[in-house]
Amino acid sequence: MTYTGEHLIPGELGHLASIVSLVITLIATIAFYKSNKAILPEEKKSWLKLARAAFILEVVAVITTIACIYFILSHNLFEYFYAWDHSDKTLQPEYIFSCLWEGQEGSFLLWTFWNCVLGCILMIRAKKWEAPVMTVISFAQFCLATMIIGVYVFGLKVGSDPFLLMRQKGILDNAPVFIDQATGLFKQNYLQFLRDGQGLNTTLQNYWMVIHPPILFLGFASTIVPFAYAFAGLTNKDHSWTKYSISWAAFSGGVLGLGIMMGAAWAYESLNFGGFWAWDPVENASLVPWIIMVAGLHTNMVYKNSKYSLRTTYLFYILSFSLVLYATYLTRSGVLGDTSVHSFTGADMSIQLISFILIFFIPAMILFFIRKKDMPTIKKEESLYSREFWMFIGSLILFLAGIIIIGKTSIPVFNKIFGTKIAQPEDVLFSYNQIQIFIVFIIGALTAFVQYFKYKDTTKAYLKSKLLLPTIISLLVTIAFCSVVKIDYLEHGVGFLVAIYIALFSAFYAVIANISYIFLVLGGKIKTVGASVAHIGFGLVLLGVLLSSSKKHILSKNTTGIPLFEKTKTEDPAENITLFRGLPIDMGKYMVTFVGDSMNTRAKQRVFTIHFQDKKTKEEFTLHPYWLKNNRQAEGFGATPNSKHFWNKDIYAYVSSWQQQGTDTTTFRASEIKVGDTTFYSNGMLVLNKVDVNKPNEKYPTITPDEMLMTLNMAVISKDGSKFPATPMVLIKKDNAKVIPDTVMAQGLVIKFNKVLNDKDGKLEIGVKESNSLNDALTLKVIEFPFISVLWIGVIVMVIGFWMSVYQGVRKLKAR
């Protein structure tokens with residue numbers, strides 16, 4: 001049957017390209033392997049020529065596959081499930097790429113693409129290591145190609161085909177509008193009923209999600225290069241690979257670190273969990289391979305300069321790539337679906353994802369233990385005053401930090417495998433922080449002083465002459481800084497506060513000692529300062545994390561006492577101030593006004609305008625947090641924060657709930673009162689101060705002789721001590737009484753004068769109504785993050801340092 005309107009060519013071409021990719025990578029893998037094993041030069045060269053041609057064809061096939069998916073997405077071809085599941089007609093063009101890698105298939109293709117790029121570079125530069133290294137990379141390409149092939153082998157599904165049509169997916173089979181009831185088949189014109197897609201998840205409709213995933217996946221992909229060199233060394237019984245892997249490890253550390261922190265920036269700007277890091281399992285799964293890769297880079301440098309730590313270098317590079325594969329399982333198998341805010345689902349690929357890990361990890365570890373006894377070692381113990389000793393200690397501590405993080409993150413996996421019911425701690429963030437704070441102190445300190453040691457041995461006099469000044473300066477700077485910027489984070493007791501102060505010293509020490517090293521030891525030579533610059537950046541990252549987290553302060557205490565939502569695990573109404581349109585509300589340091597809202601139809605954003613005025617300095621600024629309509633499976637709106645950046649802090653805000661003016665169904669409650677009396681409402685009390693008769697005011701500046709105006713001057717006092725004036729009135733003219741209520745928006749109160757109960761006693765009756773529907777209202781969460789800019793500056797400096805190290809390593813290899 002021919003179906004009207006279907007565009008089959010891009011899907012057929014893309015699927016063909018994915019099949020070609022699968023087959024040709026297997027050919028490339030075999031050819032590279034045969035080239036590596038060949039003894040005769042001509043045979044080696046012949047196999048290598050075939051392998052290179054196959055890999056180039058693989059590159060073309062991968063690019064074609066990606067281009068076909070992009071075409072399907074950009075042209076709204078909703079007959080394809082991938083387009084329907086990830087896009088819609090209202091999506092802004094710049095987010096088409098976000099649609100591409102929102103799905104598992106697209107993210108695997110992105111990973112494959114970067115492997116293609118890295119493979120092409122290695123074919124040019126790897127020289128004698130080309131064949132064994134490319135054998136590993138080509139085989140990885142084969143494994144990744146199986147992830148998007150979407151076929152069944154002996155009843156087991158292998159991969160997921162991104163080019164499946166909606167009618168092939170089966171999800172429309174039970175929808176009568178698509179099915180011809182007479183034949184039970186799809187209607188030939190079924191596409192006219194399929195007018196739009198589900199849309200892209202709101203959290204991904206952010207510019208960071210256009211640039212963050214490519215960088216992160218380049219980081220993930222790059223971890224295979226040191227692994228491939230290590231595997232090639234084990235295969236060929238040749239340990240000279242360590243000279244070439246250092247630059248690649250530095251490259252991987254820099255790019256993966258940048259990708260992770262781009263994700264932190266995205267979380268800070270797009271998610272509403274109130275910060276840049278939440279120890280979310282997906283965050284941890286990307287962090288741990290980076291930690292192990294950095295540990296491997298340092299032991300690699302130790303071996304290069306002293307011949308110690310070869311075994312550890314092998315182990316760390318194997319583990320780093322294996323943990324990338326494990327992270328792939330964690331984030332794409334669905335095992336973290338209940339514990340992570342942004343993991344993929346798709347448990348049907350669990351077996352394939354586990355196989356992906358084991359097919360690399362097990363052979364590498366078997367070879368490692370077989371070759372371990374033949375690896376050259378130095379019998380002489382390392383000196384306590386040698387650089388290699390302390391670099392090794394630092395690497396082990398990094399490894400320990402990674403193991404602790406991945407162990408805690410893997411609790412759902414343990415529960416699934418062993419049937420246990422280990423519960424997550426009540427305070428997940430603190431369960432990580434209470435351990436990592438001490439690791440931060442040790443790593444920061446090691447980062448500061450280890451470079452001052454020389455390889456093999458260092459005299460005490462030399463260390464004292466070089467380290468004394470930066471140590472004293474760091475101590476003085478820490479004391480001075482903490483005297484001015486007082487940290488009183490007592491949420492977890494005095495012990496943890498002391499640990500924060502110690503870690504702060506360590507961070508300052510890392511920055512100051514490395515700056516001193518550049519000038520006191522290296523003489524300011526730019527070509528050799530890569531490692532020190534990276535360490536300075538790392539110190540700044542630690543400093544920014546410590547300061548912004550320990551000094552983080554919630555400004556939006558709910559002074560109105562009016563909650564618009566019930567307390568949940570993630571949000572407390574007491575930490576979300578309620579604002580009414582056009583009414584300034586006191587919020588501690590600031591007077592805050594909900595100015596209004598507008599609809600950005602192009603971006604599907606409801607943008608809120610919130611005006612802030614500093615009560616002391618009178619400085620003013622405006623924030624525009626917004627809600628983004630999420631068409632995907634009727635998920636409603638997603639809140640996106642907005643921040644005002646100052647040199648020393650960020651004011652970060654998001655709208656946690658929003659209420660448009662609705663129908664008011666509450667009634668007035670009568671209350672008896674006289675001058676000096678108090679009556680109560682749910683959030684405080686009302687005091688009648690005095691009654692004015694025929695006194696002009698703003699509403700009635702003039703009163704005619706035949707009118708009588710009675711004004712009740714009242715004070716509304718909320719439970720938190722906030723005071724609001726209220727002046728309900730009644731205007732009497734020719735025996736007609738006009739009741740003029742007064743509204744206290746901030747408390748949701750309407751007060752009106754009812755009648756005089758007793759002239760002699762001065763007793764009056766007023767009506768009091770409490771309502772949340774008096775005006776457009778929202779609740780706003782506002783957080784102050786001090787010195788968070790130090791964190792972002794540190795990331796930039798650290799990445800620059802990594803890149804300088806890469807350049808330095810490449811330059812040394814060229815000079816050989």
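Is cysteine 143 buried or exposed? With a relative accessible area of 9%, cysteine 143 is buried, where buried stands for under 20% relative accessible area, exposed for over 50% and partly exposed for the range in between (1.4 Å probe, protein chains only). The model is predicted, so to speak of local features pLDDT of at least 70 is needed, side-chain atom pairs count only at pLDDT 80 or more, and totals for chains, interfaces and linings use all residues. Residues are numbered from 1 along each chain as its sequence is written, and side-chain values use heavy atoms, with hydrogens and water left out.

The structure holds zero disulfides (a disulfide being a pair of cysteine sulfur atoms within 2.5 Å). Cysteine 143 is in no such pair, its nearest cysteine sulfur being that of cysteine 116, 14 Å away. For cysteine 116, the closest cysteine sulfur belongs to cysteine 120 at 6.7 Å, which is too far for a bond. Cysteine 116 also counts as buried, at 3% relative accessibility.

Next comes the nonpolar interior. A nonpolar core is a set of buried Ala, Val, Leu, Ile, Met, Phe, Trp, Tyr and Cys residues joined through side-chain atoms within 4.5 Å. The largest has 200 residues, and Trp111, Leu122, Tyr229, Trp290, Leu330 and Phe360 touch the most other members. Helix H10 (residues 242-270) gives the most to this core, with 15 residues; helices (H or I, at least four residues) and strands (E, at least two) are DSSP runs numbered from the N terminus. Beyond four places in sequence, tryptophan 290 touches residues including Gly253, Leu256, Phe538 and Met798, contact meaning heavy atoms within 4.5 Å.

Helix H10 also holds tyrosine 244, which is partly exposed at 26% relative accessibility. Tyrosine 244 and tyrosine 229 are 15 residues apart in sequence and 8.2 Å apart in space, C-alpha to C-alpha. Neighbours within four places aside, tyrosine 244 is in contact with Trp129, Tyr229 and Leu813.

Helix H5 (104-125), H10 and helix H20 (788-815) each give two or more residues to the lining, and H5 supplies the largest share, five residues.
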